[in-house]
Amino acid sequence: MATTSRKRPARSAKNTEELLGYYRQMLLVRRFEERTAQAYTEAKIGGYCHLNLGEEATVVGLMAAIEERDYLFTNYRDHGYALIRGMDPGRVMAELYGRQDGVSRGWGGSMHLFDTDVRQLGGYGIVGGQLPLAAGAALAVSYRDGDEVVMCQMGDGTTNIGAFHETLNIATLWDLPIVFVVVNNHLGMGTTVEMSSAEPELYKRAASYRMESARVDGNDVVAVRDAAKIAVERARKEQKPYLLETVSGRLRGHSVVDPAAYRSKEEVEAVRAQDPVAGLHDQLIAAKAADADQLAEVDADVHRIVKAAVEFAEKSPAPEVSSLFDYTYASPVPNDSRRLPADPLFPVGA
Amino acid sequence: MAVMSYRQALHDTLRAEMLRDPDVFLMGEEIGRFEGSYKITAGLLDEFGPKRVRDTPIAEEGFTGAAVGAAMLGLRPVVEIMTINFSLLALDQIVNHAAKIYGMFGGQKSVPMVIRTPGGGGQQLAATHSQNVELFYAFTPGLKVVAPSSPADAKALLLASIRDNDPVLFLENLALYNTKGEVPDGDVAGEIGRAAVTREGSDITLVAYSRMAHVALQVAEKLASEEGISAEVVDLRSLRPLDRPTIIESVKKTSCAVVLEDDWLTYGIGAEVAASISDGAFDYLDAPVRRVAMAEVPLPYAKSLELAALPSANDVVTAVHQTLDAVGRRSVGAH
């Protein structure tokens, strides 16, 4: 086990280009989520809605460490992962809007983004539910002697649920090519890590399962990427699981509707001071990798993408009611119930 | 056609499917080295190796969920959960995940997996090991639930379940493992979602599944030979989907019905069957639909109490007599 230290990137041209790319991706997550919050308050988006605000460096760093062939499972705070993994922003927004062109055809919503094309296999709303599934995907890879890796993201609160422990145990026992990532933003809704976890240094929990693990600064995109690459490499080459903990902050409430009244002003200020997007912005300017105008242009470009995504979602039709029974079963089956609430079981008067 | 036990039919079918399709593999507690708590998987570890007969830790949520994930990538896991009581530990993965993944993501990935698990009381295993909670799964859209009562159906429905692209809960029963019957040779899968009339009759319809479908046939034979009562038996075989038309057709013919179930009465499978009969054959009914079900207590250990709580063949005979008396038909005998 090792704690990966925050690394300052070297300033070669390649690194500069890479960093600008990460900045652009982080800004896309930032602006998309801000626009999502707005759409939610306008009642364009329903249900629960959890944002990646404050986790942009973690999201982008993790996604830079896995390849197209790899699989990703996440929890319900999944918009940023979807965007950076390569789902179309318009189709992601359409899903939040509950429209026909949504990535999950309007059946999943914010918590359940899924796209087989980019191998992001959900978005899961039940805390810990994705862990056994991700282990099973890794088992399938291993069963077929594949070289893909499964990345399974979760929040800090998940490390206390039974499925976490059952799955980590299985992953080591069965030599599964899987990387578990605990995105520690210090808060499970309003409950702090210290209140909920007897071992608050969450990466240490891997020791119980003889699993390699590390903790990394989740506000440093390059540090996250490099730490995750070590984990992914180990999973791919050695068929060994790995637990990576990223430590960052949550800029807003648990979900859009949470005013986070349980947090002190000082705490919120401290998180803001660590804002990864602002941090990278200043870093790029300090390193003379870009000037403020160039970065403003990136921002304007990202705004255009988000605007187009909203326009696409607005135009996408609501799913047809006639499709209500299309996705109960993949194999058709006789006597499958297809009644609407007021329909009789049998024709009246028959 | 060979005569074999329900256990043998399951074993042979698993083996045949593993030979046929390399994507079919088994997972569960004690299924390999120990050869299965009820020996369904005996010999399969030796034949297929640990990759395809995977012993798991005692972690129902973990390994059942892992099967769901493996199925999402196209494998066809067959999970054994030692008894249906332990499936409650995997409830989140079965109900919140296996049943939801196809629909919740707009049909992008199906979950072709089978969960084999026995129910059944009567073994003096006391309250936590004697429940029949198939209702929880039969209640859940997205799952399919089958409950074969004969060795022939065990084979046909296991073939169908393994080849189906949806998660199937395959309900076995401790009391059925040693029962014997004729099993057709060859590779003929049954159809999930279809009930069977396993005995034709004209005086009364007995509706049942799993162990009670077996009891229903015994009772029908006895009623015929001792009292000249002609009972028709509908074996549901599939609890979700429920084959209501077959039930209704039978009740339209007999005009009365008794539903047999091993689970608790209130909100149980029988309640759904009775409500369906009311919906579909109200004008044909000559008597209220009776249900014979387990007493609504945590099942006790003591044999005397356990026997009293579980539905028996005599209980069914009593309910049949009361129903036929209510319609004034019992003394008729020949009908």
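**Figure 1. Strand S13 of chain B and its parallel partners in the predicted model.** Strand S10 (residues 204-208) of chain B pairs with strand S13 (residues 257-264) of chain B in the parallel sense over three bridges, where helices (H or I, at least four residues) and strands (E, at least two) are DSSP runs numbered from the N terminus, and two strands pair if DSSP finds at least two bridges between them. One of the bridges sets B:Leu206 against its partner B:Val258 in S13(B). S13(B) is also joined, by four bridges and in parallel, to strand S14 (residues 290-294) of chain B, and in S14(B) the residue B:Met294 is the bridge partner of B:Trp264. Between S13(B) and S14(B) the chain passes through helix H10 (residues 269-281) of chain B, making a β-α-β crossover that is right-handed, a term that applies if, with the strands pointing away from the viewer, the path from the first strand over the helix to the second runs clockwise. Eight of the eight residues of S13(B) are buried, so this strand is largely enclosed by the rest of the structure; a residue is buried if 20 or more other C-beta atoms, placed from the backbone, lie within 10 Å of its own, exposed if 12 or fewer do, and partly exposed in between. This is a predicted model, in which local features need pLDDT of at least 70 and side-chain atom pairs count only at pLDDT 80 or more, whereas totals for chains, interfaces and linings use all residues. Residues are numbered from 1 along each chain as its sequence is written, while chains are lettered from A and ligands numbered from 1 in the order in which they are written.

**Figure 2. The largest nonpolar core and the surroundings of B:Ala216.** The largest nonpolar core has 194 residues, a nonpolar core being a set of buried Ala, Val, Leu, Ile, Met, Phe, Trp, Tyr and Cys residues joined through C-beta atoms within 7 Å. The residues with the most contacts inside this core are A:Ala137, A:Val150, A:Ile178 and A:Val179, together with B:Leu206, B:Ala216 and B:Leu260. When neighbours within four places in sequence are left aside, B:Ala216 is in contact with B:Leu206, B:Ala208, B:Val233, B:Leu260 and B:Val316, contact meaning that the C-beta atoms of two residues, placed from the backbone, lie within 7 Å.

**Figure 3. The open seven-stranded sheet of chain B, with strand S4 in detail.** Seven strands of chain B form an open sheet of mixed pairing, in the order S3-S2-S4-S5-S7-S6-S12. Its edge strands, each pairing on one side only, are strand S3 (53-55) and strand S12 (238-240) of chain B. Strand S2 (residues 24-28) of chain B pairs in parallel with S4(B) over five bridges, and B:Val24 stands opposite B:Arg76 in S4(B). Strand S4 (residues 76-80) of chain B also runs parallel to strand S5 (residues 114-119) of chain B, to which three bridges join it; B:Val78 has B:Val114 as its bridge partner in S5(B), and B:Val79 has B:Ile115. S4(B) is largely enclosed by the rest of the structure because five of its five residues are buried. Both of its faces are covered, with B:Arg76, B:Val78 and B:Glu80 buried on one side and B:Pro77 and B:Val79 buried on the other.

Figure 4. B:Leu169 lies in strand S7 (residues 168-173) of chain B and counts as buried, with 29 C-beta neighbours inside 10 Å. Not counting residues up to four places away in sequence, B:Leu169 touches B:Ile115, B:Tyr137, B:Leu143 and B:Val145. Helix H7 (residues 151-163) of chain B has end C-alpha atoms 19 Å apart, which agrees with the 18 Å that its 13 residues should span at 1.5 Å a residue, the expected span being 1.5 Å times one less than the number of residues. H7(B) is mostly covered, 10 of its 13 residues being buried, among them B:Pro151, B:Leu157 and B:Ile162.

**Figure 5. The contact between chains A and B.** Chain B gives 45 residues to the contact and chain A gives 41 residues. On the side of chain B that touches chain A, the elements that give two or more residues are helix H3 (60-72), helix H4 (91-98), helix H5 (101-104) and H10 of chain B. H3(B) supplies the largest share of that side, 10 residues.

**Figure 6. A:Leu113 in a loop of chain A.** A:Leu113 is found in the loop between helix H4 (89-96) and strand S3 (120-123) of chain A, and is buried, with 27 other C-beta atoms within 10 Å. Its contacts, leaving aside neighbours within four places in sequence, include A:Asp78, A:Met87, A:Val92, A:Val103 and A:Gln120. A:Leu113 and A:Phe73 are 40 residues apart along the chain, and their C-alpha atoms are separated by 9.9 Å.
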